[in-house]
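Morning, everyone. Let me put the structure up, and then I'll walk through a few places in it.

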Amino acid sequence: MKKIVLFIPLMLVLFLTSCDGRKSKIDHINDAVSEFNKKQKLIDLKDYHPESYAETKTDSIISKTFKVSVKNYTVMDEGILIQQTIKNLTKTSQFHRVFESDIVVAIEDKIIYSSHISAEKFRGFESSDFWNNATLEHVWINQEQSNTTILSLGVSIINPKNKAFKLYEILIDKSGNERLTLIEDHS
């Protein structure tokens, strides 16, 4: 009986000292994780298409009359935001780089036409949501439509966010005058 009388107060003291309001191991871990998460910063990842600088240059002589130089290239400090996702502490942004083109046309070594072409040049012809995220895709020489008196250039403008495009034709005569025509509109 003496053992029980000693055992009960001992258990009571042990019980009262163990319930002193301290946190359990699980509470300590949860607090540590919360504190760690508060200190973490959002990681911002940017994905560009194309990844690096791209350039194509074409020099042609059309119908023994027009000497044409077309240079299409990416503008490295401009991009169109296509999609943005945030998962956990990672923000991923996908961009399509802006393209521009330089065109030089000469006849008998005399430059008759020189132009810098971008989507901005076409934006003024019509107002629509297509132009909010539009960029030049490509400018090329349309040899089938060109002859000794007229040069035909194809111009493709895309909206990568909406997956839409417009196709234009620029006709340049021997005097360097241009005429712009919308050929296709898929916007």
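Start with S152: at 0% relative accessibility, S152 counts as buried, where buried means under 20% relative accessible area, exposed over 50%, and partly exposed in between, with a 1.4 Å probe and protein chains only. This is a predicted model, so local features need pLDDT of at least 70, side-chain atom pairs count only at pLDDT 80 or more, and totals for chains, interfaces and linings use all residues. Residues are numbered from 1 along each chain as its sequence is written, and side-chain values use heavy atoms, with hydrogens and water left out.

Where does S152 lie? In strand β7, residues 150–159; strands are DSSP E runs of at least two residues, helices H or I runs of at least four, numbered from the N terminus. The side chains of S152 and E169 are joined by a polar contact of 2.7 Å. S152 also touches W140, I141 and N142, among others, leaving aside residues up to four places away in sequence. Contact here means heavy atoms within 4.5 Å.

Now the core. The largest nonpolar core has 27 residues. V105, L151 and I157 have the most contacts inside it. β3, β4, β5 (110–117), α3 (119–123), β6 (135–141), β7 and β8 (164–173) each supply at least two of its residues. I157 touches residues including F122, W131 and Y168, again not counting those up to four places away in sequence.

Last, L89. L89 sits in the loop between β3 (66–87) and β4 (90–107). At 35% relative accessibility, L89 counts as partly exposed.

Key. A polar contact is a pair of N or O atoms within 3.5 Å; within protein, one must be able to donate a hydrogen and the other to accept it, and residues adjacent in sequence count only if both atoms are side-chain atoms. A nonpolar core is a set of buried Ala, Val, Leu, Ile, Met, Phe, Trp, Tyr and Cys residues joined through side-chain atoms within 4.5 Å.
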